[in-house]
Amino acid sequence: MVEAQKWTMRMSNPRLDTAATADDHVLDIPTTPTAEVRNGIYTFGSHLTPNLLTALIIASWFMSNTGVLLLNKYLLSFYGYRYPIFLTMLHMLSCASYSYIAINFLEIVPKQHILSKKQFFKIFALCAIFCFSVVCGNTSLRYIPVSFNQAIGATTPFFTAIFAFIITCKKESVKVYFALLPVVFGIVLATNSEPLFNLFGFLVCIGSTAGRALKSVVQGILLTNEAEKLHSMNLLLYIAPMAALILLPFSLYNEGNVARITLEKAKTDPFIILLLIGNATVAYLVNLTNFLVTKHTSALTLQVLGNAKAALAAFVSVMVFRNPVTMTGVTGFAVTIMGIVLYSEAKKRSKITTY
């Protein structure tokens with residue numbers, strides 16, 4: 001912002017200088033307004049303190065991550081909408097639409113373009129893994145409680161370490177591998193004591209967790225070239241529509257014409273449309289708040305919040321859906337979370353030692 005300044009103007013012709021004009025003429029130059037003031041535009045959060053803005057973003061992150069789990073569980077298990085593939089496809093269409101608006105119109109991040117066929121096929125490979133992971137995760141919610149789903153999902157670092165070793169031959173320190181033992185032990189405890197255990201639900205949830213880990217490892221391998229790296233929001237912009245196209249034939253083959261079934265159901269129960277739109281919107285907000293939390297804090301903070309989210313989602317789901325839990329199961333979940341915290345700390349120290 002340019003501060004107000006005073007400029008002195010003197011008469012240029014000395015013959016015209018008189019007593020009356022000898023005095024300096026003072027011109028006050030007003031303060032230059034900012035672009036936001038000139039255009040009447042105020043960006044989101046511009047009137048909030050940084051701490052308050054960060055707190056609101058983190059709260060939104062918790063609400064969206066917990067909300068999408070609870071809505072998925074409600075739709076697939078309690079409401080009777082037993083179409084997890086179609087539901088995932090709606091999520092992808094929502095992410096594609098909102099991402100297009102956010103990047104092209106709101107300009108949340110600069111738009112990046114796919115530069116080559118090679119980069120396109122790399123993104124497509126990531127998309128296929130992403131589809132598998134998300135569909136398995138949504139399908140598992142139809143058969144097992146959210147609390148158990150989150151306990152299994154917390155073992156992602158265990159699968160990441162395995163895939164990193166198998167695919168890239170990357171070895172971690174002994175302390176890192178040792179920290180993974182409580183993760184495995186905790187999930188064994190939780191599984192053995194789960195009152196609503198379902199083998200199929202358990203297996204697809206394991207598949208979802210492994211797929212999520214595989215995607216992170218493969219993404220680190222495929223998009224290593226600086227020119228090919230995409231921002232997370234741009235990556236979502238390209239992956240989401242690809243995922244919707246991949247899921248469409250699988251949905252038609254396994255679930256039938258769900259769009260027609262949904263429209264027919266909406267004639268007698270319009271609430272289903274509101275539920276699906278709300279669910280798909282919250283699914284996008286999960287990705288948006290992931291980006292915002294990382295932007296305003298750090299990737300490490302996001303990882304720590306992920307552990308807290310798993311515990312919060314499990315607690316809220318038990319309160320909402322009243323699924324039975326055992327003390328052994330709670331202990332197993334707690335041990336798993338403790339293992340994840342130890343793993344994160346061991347990884348951080350390992351990186352410091354390396355440098």
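My entries follow, starting with the ground rules.

**Ground rules.** I am working from a predicted model, where local features need pLDDT of at least 70, side-chain atom pairs count only at pLDDT 80 or more, and totals for chains, interfaces and linings use all residues. Residues are numbered from 1 along each chain as its sequence is written, and side-chain values use heavy atoms, with hydrogens and water left out.

**Helix pair.** I looked up H11 (residues 258–268) against H12 (residues 271–296): their axes come within 7 Å and cross at roughly 125°. That makes H11 oblique to H12 (under 35 degrees is roughly parallel, over 145 roughly antiparallel, 65 to 115 roughly perpendicular, the rest oblique). Axes here are lines fitted to C-alpha atoms, for helices over the stretch in contact, with angles from 0 to 180 degrees between N-to-C directions. Helices are DSSP runs of H or I with at least four residues, numbered from the N terminus.

Which residues meet? From H11 I noted Thr262, Lys265 and Ala266, and from H12 Ile272, Ile273 and Leu276; contact means heavy atoms within 4.5 Å. The residues of this contact divide into four nonpolar, one polar and one charged. For the classes, Ala, Val, Leu, Ile, Met, Phe, Trp, Tyr, Cys and Pro count as nonpolar, Asp, Glu, Lys and Arg as charged, and the others, Gly among them, as polar.

**Cores.** Next I checked the largest nonpolar core, which has 39 residues; Leu75, Tyr81, Ile123, Cys127, Ile239, Leu247 and Ile272 touch the most other members. I use "nonpolar core" for a set of buried Ala, Val, Leu, Ile, Met, Phe, Trp, Tyr and Cys residues joined through side-chain atoms within 4.5 Å. "Buried" is under 20% relative accessible area, "exposed" over 50% and "partly exposed" in between (1.4 Å probe, protein chains only).

H2 (50–78), H3, H4, H10 (232–255), H11, H12 and H13 each supply at least two residues of this core. H10 gives the largest share, eight residues. Another core of 20 residues lies apart from it, including Ile152, Ala179, Cys205 and Ala310.

I then followed Ile272: beyond four places in sequence, its contacts are Leu75, Tyr79, Tyr81, Thr262, Lys265 and Ala266.

**Buried asparagines.** Leaving aside neighbours within four places in sequence, Asn72 is in contact with Leu87, His91, Asn138, Leu141 and Asn279.

Asn149 sits in H5 (residues 146–153) and counts as buried at 7% relative accessibility. Its side chain makes a polar contact with the side chain of Gln150 at 3.1 Å. That term means N or O atoms within 3.5 Å, one able to donate a hydrogen and the other to accept it within protein; residues adjacent in sequence count only if both atoms are side-chain atoms. Not counting residues up to four places away, Asn149 touches Leu69, Gly137, Ser140, Leu141, Ile144 and Cys205.

**Positive phi.** Most residues other than glycine have a negative phi. I flagged Glu107, with a positive phi of about 55°, in the loop between H3 (84–104) and H4 (117–140). Glu107 is exposed, at 60% relative accessible area. Arg322 has a positive phi of about 60° and is found in the loop between H13 (299–321) and H14 (327–354). Arg322 is exposed too, at 64%.

**Last look.** Ala334 is in H14 and partly exposed at 47% relative accessibility. The C-alpha atoms of Ala334 and Ala151 are separated by 8.8 Å, although the two are 183 residues apart along the chain.
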